[in-house]
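Dear colleague,

Please find below the structure that I am handing over to you, together with its sequence. My notes on helix packing and on the chain interface follow it.

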Amino acid sequence: MSNLFLILIATILVNNFVFSYFLGICPFLGVSNKASSAIGMGFAATFVMTMTAFVTWLINHYILIPYNLKFLETVSFILVIASLVQFVEMFLKKMVPALYKALGIFLPLITTNCIVLGLALLGSMRNYNLLENVIFGFGAGMGFTLALVIMAGIREELEYADVPEPLKGGGITLIIAGLLALAFMGFSGIISGG
Amino acid sequence: MKKVFIRGLLKENPVLVALLGLCSVLAVSNTAINSLFMSGAVMFVLVFSSLIISSIRKIIPNQVRIPCFIVVIATFVTIADLFLKAYFPEISKNLGPFVPLIVVNCIILARQEAFASKNPVHYAVADAFGMAIGYAWVIITLGIIRELLGFGTIFGHKVLGSWFEPWVVMLLPPGAFITLGVIVGIMRWLQAKFGGSTS
């Protein structure tokens, strides 16, 4: 049990996917202008990532490894993720329209988000069991949400700040991200490894 | 055709102007040699995907074009990944999951969607080379700066003497973000000063 908790804390804070693996940077820089859309994107991603962690683990351990098809990993994972996102979208539209509306356009965008495929690949490199892998996916999603929300909050304030002309837009966002990454390094003392 | 090639280098540079494909740029640019291999892999995938997709563009049904692009791209990424694993195992280990992650690199998908699927083969290949070189010079510059300040070396050769105290932070994530942010700023400033419009 404590093992699962460690994985969760490690992926949310210590090895935050955005700040230490640089995954999911595109939406992090592009979407995170408003806190509300940041939350929507974050939860949509968390949902998909938890599902992905579950499905890719099964594929990896019941199809790819027994039949020695490890070289098809990248191709099969990306296809599974794309169809999973499509499926989740259709399911939500039919069964939970309110949630579907709230997540809106963020769902299809997630397919091309490197954080999902990155999660699947990183998960398959570690020898997690099924439950651990699902927690890993969930934690990574929560960490992503946390990073998005913090960034959106800062950027909302930034609109009133006096930023030098050439740094407006991309430049200042990257520098802020660097400072946030520095701050997140402070968590690295909590757990060793992870 | 020359125009198609040139614009990827500066004016429509995929990394500095469009801010695409940043994940790999930030992650593997901790040393110059990693950057070099990463840009080689990206160039291989981008050029061959553009070539294939542009040649079959008339037979891909419009509704399923994105999955088609992804399958083509994933095939070349797998080739590049296995090649690096077989011949350069050390580098492949350093690059970690970022070679397979080229599949979802927005630069490549964006070029297929915006250009290769609508233009004849030679234009598509010229565009791919331009974009790939635009990506390469940014990531290699970033790699050289970070390696120089983080280890005091360039491509593994000692450049700064023993008096130099390495800036470990340059090798860690914060260094990557801040250096790239500064490069983006400098490029915008130069463009505003000498190149007319910044858009």
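Which hand does the crossing of H1(A) and H9(A) have? The crossing of H1(A) and H9(A) is right-handed, a crossing being right-handed if the near helix is turned clockwise from the far one by less than a right angle, and left-handed if anticlockwise.

This is a predicted model, in which local features need pLDDT of at least 70 and side-chain atom pairs count only at pLDDT 80 or more, while totals for chains, interfaces and linings use all residues. Residues are numbered from 1 along each chain as its sequence is written, chains are lettered from A and ligands numbered from 1 in the order in which they are written, and side-chain values use heavy atoms, without hydrogens and water.

Helix packing in chain A

Helices here are DSSP runs (H or I, at least four residues), numbered from the N terminus. Axes are lines fitted to C-alpha atoms over the stretch in contact, and angles run from 0 to 180 degrees between N-to-C directions. Helix H1 (residues 2-14) of chain A packs on H9(A) at an angle of about 30 degrees, the axes being 7 Å apart. H1(A) is therefore roughly parallel to H9(A), a term that covers angles under 35 degrees, whereas those over 145 count as roughly antiparallel. Residues in this contact (heavy atoms within 4.5 Å) include A:Leu4 and A:Ile7 of H1(A) and A:Phe136 and A:Leu146 of H9(A). By class, the contact has twelve nonpolar, four polar and one charged residues; Ala, Val, Leu, Ile, Met, Phe, Trp, Tyr, Cys and Pro count as nonpolar, Asp, Glu, Lys and Arg as charged, and the others, Gly among them, as polar.

H9(A) (residues 130-158) also meets helix H4 (residues 35-64) of chain A, where the axes come within 8 Å and cross at roughly 165 degrees. H4(A) is therefore roughly antiparallel to H9(A). The contact of H4(A) with H9(A) has 20 nonpolar, seven polar and one charged residues.

Interface of chains A and B

Between the chains, 36 residues of chain A are in contact with 34 residues of chain B. The buried area (accessible area, 1.4 Å probe, lost on putting two parts together, summed over both) is about 2,800 Å², and carbon and sulfur atoms give 87% of it. A:Phe22, A:Pro166 and A:Leu174 supply 23% of the area that chain A buries against chain B, more than any other three residues.

With kind regards

Note on methods:
Helix = DSSP H or I, 4+ residues; strand = E, 2+ residues; numbered from the N terminus. Parallel < 35°, antiparallel > 145°, perpendicular 65-115°, else oblique.
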